Structures are given as structure tokens and as C-alpha cells.
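Have a go at each task before you read its solution.

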Amino acid sequence: MNNNIDIALFEVAAQCFGVPCCHVVNALVEPADLTRVPRTQGALYGVFSHRGQMVPVIDLAQWMGCSASDPGQAALMTLLVLRANSKLLAVRVDAVKGLLRTTDDAVHPVCHDRDSTELFHSVVEVGGGKAPLALLDPLRLAALTHIWSDVLGPDGTSGQEVQALLGRDADLKQTPVCAVLRVGGQQLALPADVIGEVAMPLPIQAMAGLGGGFLGMAHWRDHDVPVVDLSQMLGLPALDRAQPSWLLVLSLANRQLAFDVQDLVSVGSFPAASVQTEVALRSALQAVATGSLLDAEGARIYLLDAKKLIDLVPLSHAIAKAKLAQDQSAASPLLIKNHSAASTGSWVVFHSNQLWAAPMLQLREIIRPSDSLRQQLREHQTLPGALEWREQSLPLVDMRLAQGQAASQDSAELRIMVLQVAVGLRAVLVERVVELIPGHAGSRFSFRVGGSEVDSVSVGTGSEHRSYRVFEASSLFGEAQSIKKA
């Protein structure tokens, strides 16, 4: 079985070379405060401080016998910081060109003398009709130039001591297998073992009032899964909703989270040494990223912590608690209330900015708005404060305005729902009535999010599964007793 090998590509004097990524610690613009060290011979160009360590810099072009770079272009030079076992050094190159992923059978030794004084003893096939790449051997570079500094451990121990603790193959360690996906034009990587499925988008039931970036709930493999706009949550460019996308479901320790992705780029592992953990990130990414690296085209990939990502949506924790409580038949009164089928009764589902479910037990009548009420709504975008109904004057509320939205627009589907609540009859203008859920056909549960309780009704199974947020009259009329306690 062939192992994957990642090669960092760099350019010196208009020629392209490679170095195994397991030796690459970092790539950075040559610092302005690099200290030149005058020498009459040898390849030492200077010294700079990197993460609290003095690192010597080798002018690779000079050592290879290539034409030196124009001094006027010094600010554009790049330093590749390399680690060769317990030795740390940097090479001065013209540019880093990206990464090449290949397999070990594509690497061919051409210099078989292990005592050779040459820096390049192997080449790698590139494919696509391109010329093979010569591979730089950092171990030989350090031995031949006699230029390096010892790698220091966090407590100041030398590289030899650290190497003895970590083992000789420390540089060859790989990250766990990751899936690289594209969201908002940015490549993100997540451990493959936490990805439940990448599937066609599922129906999403919108739920209001749960924070920015939250789109609603989807039903996946008998789980109610929160769906979020990851681009908005991480400050990435917005997804083009007109373009095809996939829904990626994260599943970790009975907690789920779903979000749209543009495409799944690749699946594989990375050399641990190629991951940079000290990278300046956007503030939102900083909270969930563990590091980054470059792909073969030089584009940056951010490695995300799945748990931290799921923790951004507290609702996922509440749902996991609810399912656990249901499985154990011991719901926590603080986090979840499971209602028996007999307690759900019948529901009328209506739309007003989103879908809601109101108990049929409290519904007295659904009527059409009068022509005069429609005219007032068209001309003034307001409603009269009361509705005359069966010789009674009832408080009347536009549901959309009560949610902080624009007033309802006049249409043939507008309806007024007359409800019997704790303190009397009330009237609510809604955009349209959608369906009736018969008694015992739905299931009901409630959970806490941000200190407030969200009550929902679900009906159907599989692709026909739908969830609706329970309408509470107390939020509209300021009553002390909520609708679900009636």
C-alpha cells in the first residue's frame, strides 16, 4: 500500500524544487530585522528570531551555484523554516509555489551514494506532462553547510533531548484523516470521523429568535438537527444560494450540527509538521480553528475543532440532552419536557414570517379580514387596535409586527384567528393558514436556549417530517400564563 506524501514547492533562480512537508515548520516573508552575519565563505546569510529561537538562514541560491537574487528584491524573498531531526534552519528562496500531493512510489532516488555531498538525491514525478521535481534533503543541507540551531523544547531542553522523547519518526507523524470542504470560497478541514453524512439539502423548518446564523431544524436519521449558515457564523463570504450545494452533518457524541458546503474537495491526512498553529485568523475563525496549512495551489486550509464548532450552537446540546432524557425515560425539567401523545391534542398550523402551531383547543374561529380592514392595512400599514366579533370588541394584533417584522401585506390568504387564552378572547392577523394536525398525530417537546424555553410540535416521518414552533399568546399580549399551560 502506497503512502501519501506532501511536497512543498519553492522557486530559486527561476527553477522549481520541492521539499517534503514533514520537514517544513513555517513559510514567511523575510523579516526586515534579519541580522546579516559576514563570512568569507559558506552559505550563511544571516540570523533571525523565530518563536523565541535564533534560526540561521542559508542563501540557497548561493550554495547551489545559482545567480544570486537582485538585492533590490530582498523584501520579496521568502524564508522556509525547516526542521531536520533535532536541527532547525531556514532557507532563503524566491517564492513558495504551493503543495504537491503524491505517493511514495512516485519518488525515485537518482543518487545512490549515501555519502554523497549533493543536496538532491531524489526526484518526484509530477504528472500532467510536467518535468520531474528535484527534492531537497534538509538533513544533508544541515550536514554539508554546518549551519543550524538546536530545536528547543518548551522547557528549554535541546533538540536531541526532545527527539529522544518523541522518537526518530516525530517529523513523519500525520494528522487524523480530514475532509477538506469549501464554504464561502474558503477551504476548511474537519476530522472525517465526525462527519455523519454529506447529502443533498434536507427540508428545513425555520424557527425564529435563536440567534444570527441559525436557519432552523432538519430531520436526519431520527435526529432533529440544527442547521446554520456557517459562512455568516465564521465571517466568510456568503454562499450563493442559487448555486447547487451539499448539506454536511456533523455528528459528535450524540450532538449534531448541519450546514451547507459548496463542495467536498478531498479526504486525507496531512503531515503534522506542515500545520501552522500560530496563524493570525479572523476573530470568528480563531474560536474554532486549531491551525492552518497550504494546499497544492497555495490556498490556505483552516483546520477546525468539531466540538468547538458544535458548541457555537447551544441548541445542539439541548437536543442531545432531550434525546438522552427520552431514551432514559427521565426528562430533566430544566432542559427538556417530553409530552405524551395524548397531551398534544390537535393543532392548526399558520404562517407569519415562519410556520407556527396553535392548539385547536384554544381556537374559536378563523375568519377573513373585512374589506375596510384590508384597506387600512394597504394605506397605513397598521391595524385598528380592536376587532368587532360577535358583538364583542377583541384586542387585534398583526403577528408580523409583533415579531418585529414589516406589517403584513394585503392578500387573499390573510386570515384572522380568534383564540381563547387565559384572560379572554384575542384576535391575531396571520398571513395564511397552512394545515391541521389531528390529535395524537404529532409529538411535542420543549427545550431551553439562552435562558428561554422553546416549545415545538413535530409530525410525520422520514422525508415527510415537519417541525413547528408552538405559538404562545403571552409573547403577543403580555399575559402571565402561556398558551401551552391552558
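**Exercise 1: a salt bridge and its surroundings**

R92 and E30 join their side chains in a salt bridge, with 2.4 Å from N to O. The model you're looking at is a predicted one.

Task: work out which parts of the chain this pair ties together, and whether R92 and E30 are buried or exposed.

Solution. 
- Step 1: find the elements. R92 lies in strand β8 (residues 87-93), while E30 lies in the loop between β3 (24-29) and β4 (35-36), so the pair ties together parts that are 62 residues apart in sequence.
- Step 2: check the accessibility. R92 and E30 are both buried.
- Step 3: look at the ring. R92 lies over the face of Y45, 4.0 Å from the ring centre. R36 also lies over the face of Y45, at 3.9 Å from the ring centre.

**Exercise 2: two other salt bridges**

Task: the count comes to 10 salt bridges. Take R182 with D263 and R390 with E365, and place each pair in the chain.

Solution. 
- Step 1: start with R182 and D263, whose closest N and O atoms are 2.9 Å apart. R182 sits in strand β14 (residues 178-183) and D263 in strand β21 (residues 263-268), so this pair ties together parts that are 81 residues apart in sequence.
- Step 2: sort them by accessibility. R182 has 25% relative accessibility, so it counts as partly exposed. D263 is partly exposed too, with a relative accessible area of 25%.
- Step 3: move on to R390 and E365, which meet in a salt bridge at 3.1 Å, N to O. R390 is in the loop between β28 (386-389) and β29 (392-398), E365 is in strand β27 (residues 363-367), and they are 25 residues apart.
- Step 4: R390 is exposed because its relative accessibility is 59%, whereas E365, at 24%, is partly exposed.

**Exercise 3: an aromatic pair**

Task: there are four aromatic pairs by count.

Solution. 
- Step 1: place the residues. F350 lies in strand β25 (residues 347-352) and F471 in the loop between β35 (466-470) and α11 (474-477), so parts 121 residues apart in sequence are tied together.
- Step 2: check burial. F350 is buried at 0% relative accessibility, and F471 is buried at 1%.

Methods:
Residues are numbered from 1 along each chain as its sequence is written. This is a predicted model: local features need pLDDT of at least 70, side-chain atom pairs count only at pLDDT 80 or more; totals for chains, interfaces and linings use all residues. Side-chain values use heavy atoms; hydrogens and water are left out. Rings of Phe, Tyr and Trp (its six-membered ring) pair if their centres lie within 6.5 Å; planes under 30 degrees apart count as stacked, over 60 as edge-to-face and the rest as tilted. Helices (H or I, at least four residues) and strands (E, at least two) are DSSP runs, numbered from the N terminus. Buried means under 20% relative accessible area, exposed over 50%, partly exposed in between (1.4 Å probe, protein chains only). A charge sits over a ring if NZ of Lys or CZ of Arg is within 6 Å of the ring centre and within 35 degrees of the ring normal. A salt bridge is a side-chain nitrogen of Lys or Arg within 4 Å of a carboxyl oxygen of Asp or Glu.
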